[in-house]
Structures are given as structure tokens and as C-alpha cells.
Amino acid sequence: MASVPVRRPHPVVLGLLVTAACTALVAGFASSYVLFLLTGAAITTVFMQSYGLITGRAGVISLCQLSFAALGAWVVGWANVADVPGGFYVWLPLGGLAAVVAGLVIALPALRLRGMSLAVATFAFATALDVVFRGVPYPGLDKYDLVRRPDGFTDDAGYFVFTVAVVAAIFVGLRYLDRSRAGGALVEIRHSERAAAAHGISVAKGKLTAFALSAFVAGVGGGLLAGQLGFVSAGNFASFASVTFFAIALFVGTNNVEGAIAGGVLGVVFPVLLDAVGVPQDLSALFFGIGAVQVLRLGASQTDLIRAARRRRKAAAGPRRVTAVVVPEAPPRWPRDPHAPAALEVRGLTVRFGALTAVDHVDLVLPKGHIVGLVGPNGAGKSTLINTITGFTDRYEGQVLLGDRPVDRLPAHLRSRAGLRRSFQQLRVPTALTVGMFLQVAAGRTLTARETDEQLALFRCPDADVPMELVDVATRRLLEVAGLSLGAPPVLLLDEPAAGHSGAETHLLQRRLAEIPDRFDTSVLLVEHDIELVRSTCDSVVVMDFGRVIASGPPDDVLSDPAVVTAYLGTATH
């Protein structure tokens with residue numbers, strides 16, 4: 001008799017049930033002081049979730065999250081005094097939305113800033129807002145009109161339950177964000193802005209989204225604090241506190257659930273513990289700063305390191321899984337139409353860097369449904385040509401046409417969306433994603449489970465739920481080709497996709513590349529040093545040397561041309 005498989009509860013459902021049970025236990029038996037501390041820890045967890053969005057996911061340094069929280073608290077106070085209909089249930093999201101406006105205001109001028117420059121800009125905003133709020137009394141404070149808590153949760157125990165419910169709702173929202181293409185886009189922006197743009201992701205829009213979402217969460221946290229205390233002051237949201245919380249977030253890794261919770265507890269409980277042993281509470285910032293420096297040294301937060309170690313142990317316990325879906329082969333049609341229209345055309349392209357001419361009046365045509373090889377010795381200008389075609393070179397002469405449409409005025413991410421997709425010579429694969437999520441990001445669209453499994457089987461790659469950090473470099477390159485081709489762009493430019501491959505992996509890549517035009521209706525421009533791969537895959541070959549095209553035509557004819565042999569070997573063979 002066959003055994004009936006046991007269905008495990010969904011992780012979200014299980015997490016909510018455990019949270020509800022623990023919250024009910026605490027609310028029923030904890031003292032008022034413990035409830036006050038734990039409510040404060042829950043509110044601080046909301047602040048940590050805000051840092052997890054802007055820094056943990058998008059990789060943007062923001063030192064003004066508590067300024068957004070202050071705006072949320074002030075709006076809740078104003079709504080309380082104005083008796084805005086709906087009560088606290090309406091006032092709280094209003095505070096979050098007001099913070100979103102401020103988040104966008106600070107994000108727009110900060111889009112061109114990076115690293116320390118961005119940190120200074122956001123801290124300056126925090127300091128300026130700190131000064132403003134010190135001169136503006138909290139709404140209702142003069143008449144002791146304290147913020148009214150939500151109906152049904154007015155006592156300390158009830159408000160603790162309400163706060164935990166808000167925290168849980170944000171965690172659920174973040175979980176679904178992490179599993180969406182938008183969440184994957186944020187992670188790729190953190191890993192490589194150039195790779196994100198190449199996959200059709202607007203880096204500016206992604207950063208604006210991260211600022212807006214994180215500001216909303218912070219604003220909600222500020223509103224919750226106003227509800228807990230009845231009124232707040234500028235001291236509750238001091239700019240220095242933003243820096244301290246940033247250090248905590250960096251140390252524990254608030255992009256992870258356990259990291260955000262740990263950060264919330266540390267932010268409230270740790271200073272109290274220091275005070276209990278006779279150490280000034282202000283020194284807690286010093287300890288958190290030391291922890292942040294440790295993160296910079298190790299390159300990852302504590303929860304990221306723990307998760308990585310757990311995944312390595314799991315991988316060591318068993319062999320790498322490979323999806324078992326069987327996909328029929330699709331042999332390429334030879335010969336391809338010699339009169340096919342141009343999918344991509346380059347006319348008189350010239351790129352100069354000062355006195356150096358890297359690309360010199362290059363003309364190139366990629367016919368629809370063809371694979372064209374672009375070869376040449378190192379320094380010939382191949383990568384510069386690819387960068388220029390795909391929009392990563394600002395100034396050039398000449399014209400790039402996708403079909404019959406000029407794309408010269410389009411930035412990189414819009415060229416990608418128009419159908420000019422590319423890979424990079426230096427691998428730019430974010431290891432924080434799973435295999436399936438990376439496939440979606442590279443494809444530039446939402447994929448069904450069947451599409452994902454079939455493509456992974458076609459390229460003999462691991463299952464969709466395997467973390468990218470456990471995938472070897474050669475397989476990551478295969479995954480990049482798999483994802484890009486699955487997006488079915490009109491034109492795909494691949495920059496040395498076979499680098500680092502074994503003979504078997506190169507053979508697999510050769511078969512898959514040859515199928516791309518027929519399987520995905522995609523034309524391919526292949527930059528590759530593996531001449532045998534070029535010979536066996538390409539319909540025609542273009543050879544560059546010193547920025548110029550020195551030969552083009554059928555692979556066998558071009559690769560035996562004395563000028564090409566001289567370019568590669570320094571002397572012609574007879």
C-alpha cells in the first residue's frame with residue numbers, strides 16, 4: 001500500500017501561527033514594563049525592515065530612515081488632532097504615505113550619488129529635518145491631546161498585539177517582494193548596476209522604488225511609536241540614532257527575517273542591559289559600530305553568514321540536484337536564409353577615448369535568425385563595440401539600428417527592453433538570488449514553473465530553488481545564456497559565454513547556441529575566443545583588429561584568411 005505524503009504547512013502560515021501563539025502568551029502574562037520593552041522592540045523591528053529594504057536589498061546607503069519615521073509620527077499626530085475619520089487604522093498608512101513623498105524628494109537628487117557621497121547627503125537631510133522638528137511642537141502636545149490607539153487595542157497588551165500584527169504583515173509583504181521580479185531587480189541593482197541595466201532594469205526607477213518602500217515602512221514605524229507613547233519629540237528620531245540603527249542593520253543583516261527581529265531586540269534591549277550593569281547606554285552605539293566594521297571586513301552580515309554556512313552544509317550532505325524534466329532537442333536548420341533582413345545593423349560606428357580610437361568606422365549586419373561570430377585578438381575593440389551597441393558608451397559616432405529602428409538615443413535599459421540583450425565578459429551574476437529568480441531577472445519577464453524547469457533541463461542546470469552561491473562559475477554562465485535566451489529578444493549579444501568551460505560544457509553550449517535562432521526567434525552576435533565553437537556555431541564571422549573590421553564572411557573562409565591569421569599569430573602561414 002502506497003504511503004500518503006505528508007503535507008507540510010506553508011512557511012508563511014506556520015510563521016504566522018507561531019507568531020500569534022507567542023504574542024498571545026506574552027500579552028497574557030508579561031508585566032507592563034516587559035510589554036513596553038517588547039512593543040518598543042517590535043517598533044524598532046519595523047525600522048530595521050526599512051533598512052533591510054533600502055540597504056539590505058537595494059544596496060543603497062541611507063542614514064535618514066528615522067527622519068521618514070518622524071514624518072510618519074507627525075502626520076499621525078496631526079490626524080489625531082484633526083480627528084481624521086477612520087481612526088488609527090487610517091492614520092498609520094497616511095503617515096507612511098507622507099514619508100513616501102519625503103523619500104522620493106531625497107531620492108531624486110541622490111540618484112547620481114554613490115557610497116560615501118550618498119551617505120553624507122542622506123545624513124545632511126536627517127540633520128536638517130532634525131533641526132526643523134526641534135522647532136515645531138508635536139501636534140496636540142500643548143493640550144495634552146495624546147494619540148488615540150486603534151479601537152480594540154487600546155491597552156498596553158492590546159497595542160503590543162497590534163504592533164506585532166503590523167510587523168508580521170510587513171514581513172509577509174517583503175517575502176512576496178523577494179519572490180517577485182521587482183525584488184530580484186533590487187538585488188541585481190545592489191550587485192551590479194550595469195548588469196541590471198543590461199537586463200532591462202531601470203536603475204533609477206529601482207532606487208526610487210527602494211526609497212519609497214523603505215520610507216513607507218519607516219513612516220509606519222514612526223506612527224506606531226506615536227501610538228505607543230501618545231506623543232513624540234525630535235529626540236526620538238535624532239539623526240545620530242539613524243546612524244546607530246544603520247550600524248545595527250548592517251551588523252545583523254535586516255534583509256533577513258531573523259536579522260530584522262534581532263536588530264529590533266538589540267536596538268531596545270541592549271542599551272537597557274548595559275544600563276543594568278552600570279555601563280552608559282550611549283556606549284551601545286560604539287558596540288554596534290564595531291559590529292558594522294566587522295561586516296565590512298567579512299563582506300557579509302551575521303545572518304547572511306549563518307545562512308550561507310547552513311546552505312553549504314546542506315549542499316555537502318547530498319549531490320547537486322538537476323531538474324528531471326525532459327525537453328526534446330531542436331536541431332538547427334541549415335543553411336539559414338541568406339537573404340534574411342537585418343535584425344541588427346551597425347553603420348560607421350566610431351568610438352574614441354581621448355586620442356585612442358577604440359572602434360574605427362565599423363559596419364556590421366546581423367541577419368534575422370542568424371548567428372554571427374565576432375572575433376579578434378585581445379584589445380581589438382570587440383567588447384567596446386558590444387558596449388556601444390547596447391548603450392553603455394555615451395559618446396560615439398555612427399548609428400545602431402534594431403531592425404529598421406534607430407536606438408542611439410535610448411539608454412542601456414531601454415535598448416534592452418527594446419530587444420538588445422547582452423551578457424558580460426566579466427560574470428555579473430548576483431549570488432543572493434536563487435537559480436529560478438535569476439532566470440526570471442535575466443529573461444526580463446515573469447516565467448511559469450514549466451518554462452523555468454524546461455529551460456533548466458535544456459541547459460542541464462540545477463533546480464530553480466538552488467541558491468546561486470552554490471552554483472559553479474561555468475554553470476552560472478550557462479544560466480545567464482539560458483535566462484537571456486528565454487526572454488526571446490530579437491537580438492542577443494554574448495560576450496565570451498564559453499570562458500571557463502570544460503570540453504563537455506562547451507559542447508553543451510554549442511548545441512544550445514545553435515538552437516537559439518529557431519527555438520526563440522533570436523539572432524545572436526557571439527564574441528568568443530574559442531575558434532572551434534565559433535566555426536561550428538556561426539553562419540558568418542566578423543574579425544576585428546585595432547578597432548577595424550579586417551575580414552567578414554563564412555567561417556571557414558574568414559578563419560583561413562592570411563590577414564586574420566596574421567592578426568592572431570603575428571605572421572601568416574602558407
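Is leucine 94 buried, exposed or partly exposed? Select leucine 94 and show its surface: leucine 94 is partly exposed, because its relative accessible area is 32% and buried means under 20%, exposed over 50%, and partly exposed in between, with a 1.4 Å probe and protein chains only. This is a predicted model, in which local features need pLDDT of at least 70 and side-chain atom pairs count only at pLDDT 80 or more, whereas totals for chains, interfaces and linings use all residues. Residues are numbered from 1 along each chain as its sequence is written, and side-chain values use heavy atoms, with hydrogens and water left out.

Leucine 94 lies in helix H4, residues 88–110 (helices are DSSP runs, H or I, of at least four residues, numbered from the N terminus).

Next, select glycine 184, which sits in helix H7, residues 181–191, and is buried, with a relative accessible area of 0%. Leaving aside residues up to four places away in sequence, glycine 184 touches Leu433, Met437 and Val441 (contact means heavy atoms within 4.5 Å).

Then select helix H16 (residues 435–443) together with helix H17 (residues 449–458), which pack at an angle of about 100 degrees with their axes 11 Å apart; axes are lines fitted to C-alpha atoms, for helices over the stretch in contact, and angles run from 0 to 180 degrees between N-to-C directions. H16 is therefore roughly perpendicular to H17, a term for angles of 65 to 115 degrees. To see where they meet, display Val435, Gly436 and Leu439 in H16 against Thr452, Gln455 and Leu456 in H17.

Technical notes
Helices (H or I, at least four residues) and strands (E, at least two) are DSSP runs, numbered from the N terminus. Angles under 35 degrees count as roughly parallel, over 145 as roughly antiparallel, 65 to 115 as roughly perpendicular and the rest as oblique.
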